[in-house]
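The following note sets out points for a colleague who has the coordinates open.

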Amino acid sequence: MQSPLGFEMTDQYAVFGNPINHSKSPAIHRQFAEQTGQDLHYAKQLVAEDEFVTAAHTFFAQGGKGLNVTVPFKVDAFGFAQELTPRAQRAGAVNTLALQSNGKILGDNTDGIGMVHDMHNLGWDIGAKRVLVLGAGGAVRGILQPLLAEHPEKVVIANRTRSKAEELVAEFHDLGNLQALSFEDLVGKKFDIIVNGTSASLSGELPPLPADLLNAQACCYDMMYGAEPTVFLQWALDNGSAKIADGLGMLVGQAAEAFYLWRHIRPEVVPVITALRRQLNEKK
């Protein structure tokens with residue numbers, strides 16, 4: 001991008017959300033830019049709940065190159081995008097907007113692939129595994145396509161209201177072996193990987209889970225993160241999980257995928273995850 005005076009200006013990126021103060025995205029993308037030698041500026045912007053479209057139009061009209069989008073605007077961003085990636089189309093929500101060379105705004109959803117890449121970095125193999133996903137909200141919708149692309153043996157979606165899980169199975173059944181259950185239906189079932197996609201961890205609550213859900217060497221993943229293990233991850237440890245992980249790596253992973261979409265270069269995530277984890281531990 002050039003200024004009116006003819007010299008090159010730094011490419012502008014941002015994250016839109018409400019609330020937004022807590023966002024780690026600027027720090028993450030600053031580290032990515034330093035790693036890869038990219039000249040960019042990344043800001044966070046508080047957007048009023050009914051003003052996403054206006055704010056996004058203004059951002060791109062003023063020369064912005066790309067946006068990350070967090071709650072509550074992922075569905076607004078889905079509608080704003082002029083083109084969609086297949087995974088965004090499946091998710092029904094967008095967390096990344098990118099100005100393309102043809103002038104159109106592409107919408108993508110990098111949440112699910114961020115989680116899958118984090119599992120790969122952790123050495124977890126999803127292929128041919130029995131996977132349980134807890135919850136049936138927007139967070140879960142965003143991870144199903146990338147998760148099923150790993151060819152697990154089966155993915156069970158369990159939700160307090162079984163009908164919501166059944167809706168997701170109906171939408172995604174063509175991508176793999178899917179089943180919907182209520183939490184009560186889980187009695188007697190065994191899984192190799194359990195992913196908590198509910199927001200229960202935020203309030204320190206735990207879905208009503210049987211104690212014997214885990215196969216030997218089972219891994220448990222919480223899409224939420226914090227300085228201490230979440231209530232779900234503590235349950236996992238108490239019930240014999242071989243490995244646990246929270247969603248900090250997913251946060252960095254989805255950011256890395258957005259960075260790649262914008263800059264066509266893939267940053268290293270492990271140093272950034274390590275730095276953020278250290279910061280979290282220092283705040284204990």
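1. P19 sits in the loop that connects β1 (11-17) to α1; helices (H or I, at least four residues) and strands (E, at least two) are DSSP runs, numbered from the N terminus. The bond leading from N18 into P19 is a cis peptide, with omega near 5°. This is a predicted model, in which residues are numbered from 1 along each chain as its sequence is written, and local features need pLDDT of at least 70. Side-chain atom pairs count only at pLDDT 80 or more, while totals for chains, interfaces and linings use all residues, and side-chain values use heavy atoms, with hydrogens and water left out.

2. A cis bond is also found between V71 and P72, where omega is about 5°. P72 belongs to the loop between β3 (66-69) and α3 (74-80). Most peptide bonds are trans, and most residues other than glycine have a negative phi.

3. A128, although not a glycine, has a positive phi of about 65°; its place is the loop between α5 and β7. A128 is exposed, because its relative accessible area is 53% (buried means under 20% relative accessible area, exposed over 50%, partly exposed in between, with a 1.4 Å probe and protein chains only). H264, likewise not a glycine, has a positive phi of about 60°. H264 lies in the loop between α9 (248-263) and α10, and with a relative accessible area of 66% it is exposed.

4. Which residues does S25 contact beyond its sequence neighbours? Leaving aside those within four places in sequence, S25 is in contact with V15 and Y42, where contact means heavy atoms within 4.5 Å. S25 is part of helix α1 (residues 25-36). Its relative accessible area is 7%, so S25 counts as buried.

5. F59, in helix α2 (residues 52-61), is buried, with a relative accessible area of 12%. Apart from neighbours within four places in sequence, its contacts are Q12, Y13, A14, F16, G64, K65, G66 and L67. F59 and A14 are 45 residues apart along the chain, and their C-alpha atoms are separated by 8.8 Å.

6. A275 is located in helix α10 (residues 270-282). Is A275 buried or exposed? Its relative accessibility is 10%, so A275 counts as buried.

7. The largest nonpolar core has 28 residues, of which M115, M119, V133, V155, I157, V195 and Y221 touch the most other members. A nonpolar core is a set of buried Ala, Val, Leu, Ile, Met, Phe, Trp, Tyr and Cys residues joined through side-chain atoms within 4.5 Å. Two or more residues each come from α5 (111-121), β7 (130-134), α6 (138-148), β8 (154-159), α7 (162-172), β9 (178-182), β10 (191-196) and β11 (214-222). Helix α6 contributes the most to this core, with 5 residues.

8. Not counting residues up to four places away in sequence, V195 touches M115, M119, L132, V133, L134, I143, Y221 and M223. Apart from this core lies another, of 22 residues, including Y13, L40, A258 and V269.

9. At the level of the whole chain, there are 10 helices and 12 strands. Of its 284 residues, 50% count as buried. Among contacts between residues at least 6 apart in sequence, 65% join residues at least 24 apart.

10. The radius of gyration of the chain is 19 Å, which agrees with the value near 19 Å for a compact globule of 284 residues; the radius is taken over C-alpha atoms, and the globule rule is 2.2 Å times the number of residues to the power 0.38. Along the principal axes, the C-alpha atoms fill a box of roughly 70 × 40 × 35 Å.

11. The chain exposes about 13100 Å², with carbon and sulfur atoms supplying 50% of it; accessible areas come from the Shrake-Rupley method with a 1.4 Å probe, and for residues only the protein chains shown count as cover.
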